[in-house]
Amino acid sequence: MHGIEIIVPGQHDPRSGAYVSHISYEHDIPVTAGVEEESWAMALTPRLAQFAAVARHEHVTRAAQELGVPQSTLSRGIVRLEDDLGVALFARRGRTVALTPAGRTFLRSVERALAEVDRAAETVRADADPAAGRVSFGFLHTLGSETVPGLLRAFRVDHPRVRFQLVQNYGEAMIERMRAGDLDLCLTSPVPDAPDLVARRLDEQRLRLVVPDDHRLAGRRRIRLAEAASEVFVTLEPGYGLRRITDALCAEAGFTPKIAFEGEEAETIRGLVAAGLGVALLPPPAVPRPGVAELTVTAPRAVREIGVAWLDGHPDTPPVAAFKRFLLSRRGQLLD
């Protein structure tokens, strides 16, 4: 006998994850009709643990006691499972049952699937642990040598067991990874403005015009960017935040930069400047680089804002919330 369970809002239903109240069963209504329209996983998953328990005990009563469900409920669930599959999984011998060959084949895969669910549950629980959970954190390449190691070192003073999954990339790539669920938050520049994101400005960093040390401008300490209009520039590739800032600053200074090379990493760009390939707008290096001179840009105001961003409406685990609070507490001191 099979049936459709009639439900109204109330208690939790483990099959659907919804909160329902069980009212009654209408018997003799086939439940297999919708299986082809849905996935087998959706149709069968709620009963796999019941099947495994009965197979383990070879006794419905003992399996029901282990699961804490009425024997009639368990028996009905197994019958519905077999009917959905169209295969007998058990041979009945009075109060005991034995797996059929099909049942043994099914059990091997069911045990692997349930073990994987257990591992997944333990992983997400461990990642959410307030003391030893995990934070997936992205940051720009230019923040990787000094800024981010310093932040992590300071945060771990009070949270020594929190684990970090770190991703170093350019801003747009990190934001896409956040949208895909791979990152909890990221440090990026420019500070993004998108309806699905929350972003907070943390600090700003002055950009310098970097020229070869034998360049005609190398003896200068300050420069208006318009004075470099005739120069060839070495820049990051389109899509990088620093490239967008460079293009915007040059436009504000009244020119479109002539591009000799587009790279992926600021220190590579600085090295190419030293090799004489052109000039570049870059943040200050972690350590002084030989072969270049770095000039303060007086006009337009050449800075890049650095902020933290996360997806709007996504609940934080305790370790992510703690790290977010820590970053927000560093406003104006991020680059110290």
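Reader: What covers the buried residues of H6?
Author: A heads-up first: this is a predicted model, where local features need pLDDT of at least 70, side-chain atom pairs count only at pLDDT 80 or more, and totals for chains, interfaces and linings use all residues. Numbering starts from 1 along each chain as its sequence is written, and side-chain values use heavy atoms, leaving out hydrogens and water. Helices (H or I, at least four residues) and strands (E, at least two) are DSSP runs numbered from the N terminus, and in H6 the buried residues (under 20% relative accessible area; exposed is over 50%, partly exposed in between, 1.4 Å probe, protein chains only) are Gly171, Ala173, Met174, Ile175 and Met178. Taking contact as heavy atoms within 4.5 Å, their cover includes S5, S6, S7, S8 and S15.

Reader: How many aromatic pairs does a search of the whole structure find?
Author: Rings of Phe, Tyr and Trp (its six-membered ring) pair if their centres lie within 6.5 Å; planes under 30 degrees apart are stacked, over 60 edge-to-face, the rest tilted. Run that over the whole structure and the number of pairs is 11.

Reader: What kind of pair do Phe137 and Phe323 form?
Author: Their centres are 4.9 Å apart, with 80° between the planes. Phe137 belongs to strand S5 (residues 134-139) and Phe323 to helix H9 (residues 318-328), so this pair ties together parts 186 residues apart in sequence. Both Phe137 and Phe323 are buried. By its angle, the pair is edge-to-face.

Reader: And Tyr170 with Tyr240, what's that one?
Author: Here the centres sit 4.4 Å from each other, and the planes make 25°. Tyr170 is in the loop between S6 and H6, Tyr240 in the loop between S11 and H7, 70 residues apart. This pair is stacked.

Reader: Which residues touch the most other members of the largest nonpolar core?
Author: A nonpolar core is a set of buried Ala, Val, Leu, Ile, Met, Phe, Trp, Tyr and Cys residues joined through side-chain atoms within 4.5 Å. The largest has 34 residues. Touching the most other members are Phe137, Met178, Leu185, Leu187, Phe323 and Leu327.

Reader: Which elements give two or more residues to this core?
Author: There are helices and strands on the list. The helices are H5, H6 and H9. The strands are S5, S7, S8 and S15.

Reader: What is the bridge partner of Val211 in S14?
Author: Strands S9 (residues 208-212) and S14 (residues 292-299) run antiparallel and are joined by 5 bridges. Within S14, the partner of Val211 is Ala293.

Technical notes
Two strands pair if DSSP finds at least two bridges between them.
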